[in-house]
Amino acid sequence: MGKKVTKNLFFLKKRTFFVLFLPKTWCNPNIFCNFAGQMELSLLIRNRLMSLSRPRVMAIINFSPDSFYTSCDVSHESDLLSHVEEALRSGADILDLGACSTRPNSTPVDTATEWQLLSRGLDMIRHHWHDVPISVDTFRAEVAERAIAHGADIINDVSGAKAAPNMWDLVARHHVPYVLTHAQPTAEPVMVEVLHFLQQYMDQLHRRGVADVIIDPGFGFGKTMEQNYALLNQLEVLQTLCAPVLVGVSRKSMLYKPLQTTPDEVLAATIAANTLALERGAHILRVHDVAAAHQAINIFQLTHNS
């Protein structure tokens, strides 16, 4: 039934849409309404609510040397801590740690190597910053469970739990937020496909006991250039799922390829794409450049609060 209902979704203009009621969509329990009647979301992290009434910045901290853009060497503790300190000073609300590259055509490191890199970096950071929210970017349940034991607060699973079927039970047992990513070849129209996927698996996650589900439409994962931009243009449709929306477009090929340049040259394009995402309802921006994202959010807030 969910699939049939979701398919009855029509895009009339660039930013106008009609959606039939989605009966199988569960709303995040951490939802409240402000005095204007607008829906606001929050995440439960370390028994405290993080309000998403203001968009948040998730700083990318890579430990894999195979990362497509930048990485931190965990063997140089002072450099890593300086990088994290700068991210936090620049406005990072969440740190997203990863030690296994998921860039296109990359070969994932084995589990032991991923955990060796991740554990060193995670332990260093948690030793110096006890309360900063930490997300771990992994598709392996074994790594996720160890990371939670070492102080991780969020599991960011780019596989949508397809790589580790027991991942959902793990995050439900530990009561941590879970990032559900659409990362598969996509049919047309792209937003109908992505919306149906996220709706279906959100429902399953809630039934398994995962209270906080963050949805990521998966820019760059299994999508053509045209699909990435159609997804960005129609991002506001995801508000129907009543869940925080995470957007990760930072310095990706959808930006540098059409501009015929490199990841190093697309900071301005990243800011432009993030601003469009904010206009269309993004709650969390996953970025390499924290200060730039923080400034974009400030200007967005000033504009919408004026």
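Biologist: How do I read the packing of H3 and H4, and at what angle do their axes cross?

Modeller: Start with distance and angle. In this predicted model, the axes of H3 and helix H4 (residues 141-149) come within 10 Å. They cross at roughly 20 degrees. Angles under 35 degrees count as roughly parallel, so H3 and H4 are roughly parallel to each other. The crossing of H3 past H4 is right-handed.

Biologist: Which residues of H3 and H4 make the contact?

Modeller: From H3, take Thr 111, Glu 114, Trp 115, Leu 118 and Leu 122. From H4, take Glu 142, Val 143, Arg 146 and Ala 147.

Biologist: Glu 114 is on that list. Why does Glu 114 count as buried?

Modeller: Look at accessibility. Buried means under 20% relative accessible area. Glu 114 counts as buried because its relative accessibility is 1%. Then look at the neighbours. Leaving out residues up to four places away in sequence, Glu 114 touches Ala 99, Cys 100, Val 109, Asp 137, Thr 138, Arg 140 and Val 143.

Biologist: Now H2. What angle do H2 and H3 make?

Modeller: About 60 degrees, with the axes 11 Å apart. That makes H2 oblique to H3. The crossing of H2 and H3 is right-handed. On the H2 side, Glu 77, Leu 80, Leu 81 and Val 84 take part. They meet Gly 121, Met 124, Ile 125 and His 128 in H3.

Biologist: How do I find the buried side of a helix, and which residues of H2 are buried?

Modeller: First, the general idea. An α-helix has 3.6 residues a turn, so residues three or four places apart point the same way. Now the case. In H2, the buried residues are Leu 80, Leu 81, Val 84 and Ala 87. They cover an arc of only 120 degrees around the axis, which puts them on the same side of H2.

Biologist: What covers the buried residues of H2?

Modeller: The cover includes two strands, S6 (56-62) and S7 (94-98). It also includes helix H3 (111-128) and helix H10 (290-305).

Biologist: Which exposed residues sit on the face of H2 turned away from its buried side?

Modeller: Ser 78, Asp 79 and Arg 89.

Biologist: How do I check the length of a helix, and what does H2 reach from its first C-alpha to its last?

Modeller: Compare the end-to-end distance with the expected span. H2 covers residues 77-89, 13 residues in total. It reaches 18 Å, close to the 18 Å expected at 1.5 Å a residue.

Biologist: Which residues of H9 are buried, and what covers them?

Modeller: Ala 269, Thr 270, Ala 273, Asn 274, Ala 277 and Leu 278 are buried. Their cover includes helix H7 (225-233), strand S12 (246-247), H8, strand S13 (284-287) and H10.

Biologist: Which residue of H8 could I look at?

Modeller: Leu 255, found in helix H8 (residues 253-256). Its relative accessibility is 4%, so Leu 255 counts as buried. Set aside residues up to four places away in sequence, and Leu 255 touches Tyr 229, Val 249, Val 266, Ala 269, Thr 270 and Ala 273.

Biologist: Are Arg 251 and Gln 260 buried or exposed?

Modeller: Arg 251 is in the loop between S12 and H8. At 4% relative accessibility, Arg 251 counts as buried. Gln 260 lies in the loop between H8 and H9. At 74% relative accessibility, Gln 260 counts as exposed.

Biologist: Where is there a cis peptide bond?

Modeller: Between Glu 188 and Pro 189, with omega about -5 degrees. Pro 189 lies in the loop between strand S10 (178-181) and helix H6 (190-208).

Biologist: Last, the whole chain. How many helices and strands does it have?

Modeller: It has 10 helices and 13 strands. Of its 306 residues, 55% count as buried.

Key: Residues numbered from 1 in each chain as written. Predicted model: local features only at pLDDT ≥ 70, side-chain atom pairs only at ≥ 80, totals over all residues. Heavy atoms only, no water. Helix = DSSP H or I, 4+ residues; strand = E, 2+ residues; numbered from the N terminus. Expected span 1.5 Å × (residues − 1). Buried < 20%, exposed > 50% of the residue type's maximum accessible area, 1.4 Å probe, protein only. Arc of directions from axis to C-beta. Contact = heavy atoms within 4.5 Å. Axes fitted to C-alpha atoms, helices over the stretch in contact; angles between N-to-C directions. Parallel < 35°, antiparallel > 145°, perpendicular 65-115°, else oblique. Left-handed = near helix turned anticlockwise from the far one by under 90°.
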